[in-house]
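Here is a short report on aromatic ring pairs. The sequence and structure come first.

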Amino acid sequence: MGEHATALLYNLEQTPQGKQIKCILIQLGVHIKNIQPKQYLIPLGILSGAEKTTEALSETYTGEGFSEEMLVMKGFSNALLDEFLLRMRKAKIPRIQLKAVLTPSNQKWDSITLYEELKKEALSMSNPR
């Protein structure tokens, strides 16, 4: 079955849309992790379980963080990704602007780095030159 698909959810715990998204992920057999702001400095690879670590993660994030919803997907096959997006559309769940698939290059990033990159991308897509 390959590695287990995991979704990292940010700022989706208390929202109606977050609950709907969780239901879909559970139906699809995806492992869900709600990421708390204090975990924002931990590399995404470690948060998602893609990388194992033995060192204690002592750095606790104490900054402002961000309030936007963000979703990071690890180990999603194309079929699973398509099915997830289809079910979200069918359920009329508002699109999450900040979404990413975990890759070897971004799994070293922490949540804040990813957030900033996704914000830049979202801005450049909404303001084409």
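## The ring cluster

Tyr10, Tyr40, Tyr61, Phe66 and Tyr115 are joined into a cluster by ring pairs. Rings of Phe, Tyr and Trp (its six-membered ring) pair if their centres lie within 6.5 Å; planes under 30 degrees apart count as stacked, over 60 as edge-to-face and the rest as tilted. By this rule there are 6 aromatic pairs.

This is a predicted model: local features need pLDDT of at least 70, side-chain atom pairs count only at pLDDT 80 or more, and totals for chains, interfaces and linings use all residues. Residues are numbered from 1 along each chain as its sequence is written, and side-chain values use heavy atoms, with hydrogens and water left out.

## Tyr10 and Phe66

The ring centres of Tyr10 and Phe66 are 5.9 Å apart, with the planes at 40°, so this pair is tilted. Tyr10 sits in strand E1 (residues 6–10). Phe66 sits in the loop between helix H2 (44–47) and strand E3 (70–74). The pair therefore ties together parts 56 residues apart in sequence. Helices (H or I, at least four residues) and strands (E, at least two) are DSSP runs, numbered from the N terminus.

## Phe66 and Tyr115

Phe66 also pairs with Tyr115. This pair is stacked: 4.0 Å centre to centre, 5° between the planes. Tyr115 lies in helix H4 (residues 111–126), so the pair links parts 49 residues apart in sequence. Tyr115 counts as buried, at 13% relative accessibility.

Notes
Buried < 20%, exposed > 50% of the residue type's maximum accessible area, 1.4 Å probe, protein only.
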